[in-house]
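Hi,

Here is the structure I promised to pass on.

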Amino acid sequence: MEKTALIGLVVIGGSAGSLDIILNTVSFLRSKNCPPVIIVIHRKNSDDSSLADLLAGRTQLKLKEAGEKDRLKPDSVYLAPADYHLLVEKDHTLSLDFSEKVNYSRPSIDVTFQTAAEAFGEKCFCILLSGASADGAEGLQLVNKMKGITAVQDPSNAEVAFMPQQAIDRFQPDYIVDTTDPKALANLINSLTAK
Amino acid sequence: MEYKISDEDIEVILNDIFEQHGYDFTDYSKASIKRRINWVYAVDKIPSFAELRYKLKHDTGYLKRFVEEITVNVTEMFRDPSFYQVLRKDVLPTLGTYPLIRIWHAGCSTGEEVYSMAILLKELNLYHKSLLYATDINPSVLERARKGLFPLAQMKQYSENYILSGGNREFSHYYSANYSMAKFDETLKEKMIFSTHNLVSDGSFNEFQLIMCRNVLIYFDTDLQARVFSLFDGSLEKLGYLALGSKETLNFSTIASKYKQLNKQKIWRKLL
């Protein structure tokens with residue numbers, strides 16, 4: 001099955017062991033004509049402008065912490081803020097939600113994946129990386145069900161295999177990414193989003 | 001969990017609830033309300049959309065539960081300690097020069113922030129001349145707020161928040177353990193007034209020197225946010241303060257020019 005719809009949104013979800021891959025990926029993403037990228041990383045709920053700074057230092061794209069009502073724009077990376085769920089609206093704006101944790105997590109990757117799929121359908125590309133949590137697998141499956149494109153980090157080279165493996169146990173993702181090459185994920189995103 | 005209720009059906013339900021019960025959720029952010037309606041639909045094991053509509057129309061007990069579940073009622077004591085530090089060191093001492101301090105907690109949910117405020121006012125020796133109006137759309141969460149019972153399991157986190165916010169007493173001195181709950185000191189409630197108020201449809205009911213409305217506006221669309229800002233503006237004295245959640249802003253709103261933000265905090269002061 002070839003999925004060819006033009007990608008309108010990329011969402012990357014990661015937990016324990018995912019930060020290095022995310023940093024590498026944002027640094028190798030195409031800096032022009034790149035669709036909006038949302039990053040959801042599990043972490044403590046402390047004030048963390050440092051993570052945004054860390055990411056900003058590694059990418060040519062515009063990096064910002066996602067704010068409520070922000071309109072998704074190309075060549076921009078949106079980091080889900082600590083301790084809020086990040087939801088994608090059908091009008092391609094963002095919403096924040098301080099509701100119950102999902103899979104012991106806030107932000108929850110499931111919540112962002114699912115609302116991204118609702119809003120972008122087959123134009124949505126979601127990627128689940130290393131982690132010790134069950135979060136993200138169900139959302140990724142829903143993305144697949146709504147004909148979006150899905151990828152997981154190859155559990156055999158993930159620092160913590162549990163999270164990507166949870167997704168593979170549920171369904172067959174479109175891509176299993178071998179991250180021994182630090183550019184691999186960025187290359188995949190770049191190739192799928194080329195005009 | 002896969003959504004079973006479509007966008008069109010959500011519109012139908014929200015219109016029903018408005019027409020039959022007067023609660024207007026049509027200007028809430030769509031993604032969040034859709035997620036919550038689908039969640040209630042699944043956990044309550046409603047067999048069909050038609051059944052849900054019927055229940056909402058005829059079963060007022062169920063309607064109450066539904067409204068409570070689709071609105072977010074998660075709150076904490078001393079959430080964002082640096083925010084409370086500014087209240088303690090700057091805002092409340094300024095208001096302390098007034099003969100009477102009127103505070104409105106708009107959308108107070110189960111009341112954790114109202115009790116946090118009461119503790120601050122006690123420690124600053126201002127509680128005796130304060131009035132804390134705590135309002136919410138849900139009568140049932142207000143009932144819980146009135147009881148002042150919060151899960152004991154949360155106290156470790158709240159105690160840490162309290163200390164980070166500049167508190168220097170034993171936090172446990174404010175409550176007594178009651179099975180799995182912490183029962184807060186009755187004297188903290190003396191100046192609290194609880195009442196239902198719907199930010200979407202109800203008007204101004206008093207003038208305040210401080211309005212606290214944190215993590216409520218994030219659930220509203222831009223038009224509704226603008227209406228609520230004008231409600232707050234009409235309910236706030238000159239030189240009064242408006243406090244919002246850590247991801248909310250007054251900037252870009254039509255009333256912004258009448259306010260000045262306190263440094264980097266989510267607190268705005270109304271100009272003379």
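Let me start inside chain B: five residue pairs are in polar contact between domain 1 and domain 2 of that chain, with both partners at pLDDT 80 or more. Keep in mind that this is a predicted model.

On the domain 1 side, helix 4 of chain B (residues 60-70) brings the largest share of the residues touching domain 2, namely three. By class, that side of domain 1 splits into four nonpolar, two polar and four charged residues.

There are also two salt bridges between these two domains of chain B. The pair to click on is B:Arg144 and B:Glu68, a salt bridge whose closest N and O atoms sit 2.4 Å apart.

In case you want to select the domains yourself, the assignment for chain B puts domain 1 at 7-70 and domain 2 at 81-270. Their centres, taken over C-alpha atoms, are 29 Å apart. Ten residues of domain 1 of chain B are in contact with 14 residues of domain 2 of chain B. Together the two domains bury about 1,100 Å² between them, with carbon and sulfur atoms giving 49% of that area.

Now for the two chains. Chain B and chain A each put 26 residues into their contact. The area buried between chain B and chain A comes to about 2,200 Å², and carbon and sulfur atoms account for 44% of it. Which residues of chain B lose the most area to chain A? They are B:Arg35, B:Val74 and B:Lys247, which together make up 28% of what the chain B side buries.

Seven salt bridges run between chain B and chain A. One of them joins A:Glu100 to B:Arg36, with 3.3 Å between the closest N and O atoms.

As for where the chain B side comes from, helix 2 (30-43) and helix 9 (222-233) of chain B are the elements that give two or more residues to it. Helix 2 of chain B gives the most, with six residues. Sorted by class, the side of chain B that touches chain A has nine nonpolar, seven polar and ten charged residues.

Cheers

Conventions: Residues numbered from 1 in each chain as written. Chains lettered and ligands numbered in written order. Predicted model: local features only at pLDDT ≥ 70, side-chain atom pairs only at ≥ 80, totals over all residues. Heavy atoms only, no water. Domains from an automatic or database assignment. Contact = heavy atoms within 4.5 Å. Buried area = accessible area lost by both parts, 1.4 Å probe. Salt bridge = Lys/Arg side-chain N within 4 Å of Asp/Glu carboxyl O. Polar contact = N/O pair within 3.5 Å; in protein donor to acceptor, adjacent residues only side chain to side chain. Helix = DSSP H or I, 4+ residues; strand = E, 2+ residues; numbered from the N terminus. Nonpolar A, V, L, I, M, F, W, Y, C, P; charged D, E, K, R; others polar.
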